[in-house]
Amino acid sequence: MQDTDFHPSHKTAAADDPAAVAFPAAPMSDARLAAWLRLERASGIGPRTGLKLIEAFGSVDAVFAAGQAALAAHVNPAQARALLAPAPAGFERLAEATLRWRERPGHRVLALGEPGYPELLAHIPDPPLLLYIKGRVELLASPMLAVVGSRNASAQGKANALAFAGSLSGAGLCIVSGLALGIDAAAHEGALKGPGSTVAVIGTGPDLVYPARNRALCERIGVEGCIVSEYPVGTPPLPGNFPKRNRIISGLAAGVLVVEAAAQSGSLITARQAAEQGRDVFAIPGSIHAALAKGCHLLIREGAKLVDTAADVLEAMAMSPLARRPPPPAARCAGPCDAPGAAPKAAPKAAPAGSEALLAALGHDPVEPDILLASLGIGPALLSSQLLALELAGMVERQPGGRVQRVVK
């Protein structure tokens, strides 16, 4: 099969036939991949400029075959000089490392315009010129939902992410997130339990894992799901990479669900990028006293859809023109539900003996211990021991400032 040149009207087969998955029978040639790498690494050439050049000249080879006058019609003089100059120092090593990485089983590099490049992502204003992919590349043709939230998530937030992602994956949606600690990791874990599986968009080269604490999860996603990066082999976890990759998380998906976020959370950037890209934005509300609910409440005020069950998301996704096929009706449920064919859920844990009154008094908002003392009429020592028992049982968590909050699984 010949390498595919870019054309503005290029569509993957999945865009016309939801059941079809169009991927190249063989990867692009080594020479073509080297040309794409050179364009991607050229000084002053970002995704927007690279896309403009490919649209103007029709292929990456034609860009480098163009002369000064032709390039000058589309880029500034400094960018034209960068494209006409010899490959920069170290480029040969990068090209060789990329080719070696691509030779490994389950690894692929997709260029913009190539069959298999995700259709929704290709139409954002600044799609990556190259995607480095590890794992089940066919997942990129699935209907996707992004699930994001705080790195410093509460136990309740992580439980919500795990449950929602599990239910949505069970309904056939592929869950996209960023492999960060907290909500992202919980969403990936939940999604791996269902047939929809998960895609992790990372902020390093495809050969690295960050954060290291998620190494085992990353390795599992690389086999059962799919890992995606726009960064070349060997790229370290630079701070600026992670906000930039958020546009890919939202760009791959038909919608974004924010589970838990502070008022200044980076998840709000992802949600706002999603809105700019024409995606649905969903947010799970929380307690008015919880700092990690402020971001979700802000998004809801700005127009995000309030959801408190997986069924709310599934209903909206079924009506979304960006979701290529609706989730099967049989998978719907009144709340977080098991994936089809999963074993029945275990019965909820019983509260430790003697703590039932305390559990009822806690409600679902963060509570000051002094309020509990006054409400229950017990001494500090007994309250402390009962709270410890509930905490060890995973039914209560400590909040900043000494507050405690009930955790609902």
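Tyr210 is partly exposed, because its relative accessible area is 44%. On the cut-offs: buried is under 20% relative accessible area, exposed is over 50%, and partly exposed is in between, with a 1.4 Å probe and protein chains only. This is a predicted model, so local features need pLDDT of at least 70, side-chain atom pairs count only at pLDDT 80 or more, and totals for chains, interfaces and linings use all residues. Residues are numbered from 1 along each chain as its sequence is written, and side-chain values use heavy atoms, with hydrogens and water left out.

Now the aromatics. How many aromatic pairs does the structure hold? Two. Rings of Phe, Tyr and Trp (its six-membered ring) pair if their centres lie within 6.5 Å; planes under 30 degrees apart are stacked, over 60 edge-to-face, and the rest tilted.

Trp101 and Tyr132 make an edge-to-face pair, 6.4 Å centre to centre with 70° between the planes. That pair links distant parts of the chain: Trp101 sits in helix α7, Tyr132 in strand β2, 31 residues apart. Helices (H or I, at least four residues) and strands (E, at least two) are DSSP runs, numbered from the N terminus.

Phe242 is buried, with a relative accessible area of 12%.

Back to α7, for Thr98. Thr98 is buried, at 0% relative accessible area. Contact means heavy atoms within 4.5 Å. Setting aside neighbours within four places in sequence, Thr98 touches Leu33, Leu37, Val109, Tyr132 and Val233.

Helix α2 covers residues 30–41, 12 residues in total. From first C-alpha to last, α2 reaches 16 Å, close to the 16 Å expected at 1.5 Å a residue. That expected span is 1.5 Å times one less than the number of residues. Which residues of α2 are buried? Arg32, Leu33, Ala35, Trp36, Leu37, Leu39 and Glu40. An α-helix has 3.6 residues a turn, so residues three or four places apart point the same way. The buried set of α2 packs against α3 (47–57), α4 (60–65), α6 (77–84), α7 (91–102), β1 (107–111) and β2 (130–135).

Next, Ser59, in the loop between α3 and α4. Ser59 is buried, with a relative accessible area of 10%. Its C-alpha lies 9.8 Å from that of Arg32, 27 residues away along the chain. The Ser59 side chain reaches the backbone nitrogen of Ala62 at 3.1 Å. A polar contact is a pair of N or O atoms within 3.5 Å; within protein, one must be able to donate a hydrogen and the other to accept it, and residues adjacent in sequence count only if both atoms are side-chain atoms.

Another serine: Ser229, in strand β6 (residues 226–229). Ser229 is buried, at 0%. A polar atom of the Ser229 side chain lies 2.9 Å from the backbone nitrogen of Tyr231. Beyond neighbours within four places in sequence, the contacts of Ser229 include Tyr132, Ile202 and Pro206.

On to α13. Ser265 caps the N-terminal end of α13, with a side-chain oxygen 3.0 Å from the backbone nitrogen of Ser267. The buried residues of α13 are Ser267, Leu268, Thr270, Ala271, Gln273 and Ala274. They pack against β3 (144–148), α12, β7 (255–258), β8 (280–283) and α14 (294–301). Just after α13, Gly278 takes a positive phi of about 85°.

Last, the totals. The protein has 18 helices and 11 strands. Of its 409 residues, 52% are buried. Among contacts with a separation of 6 or more, 73% join residues 24 or more positions apart.
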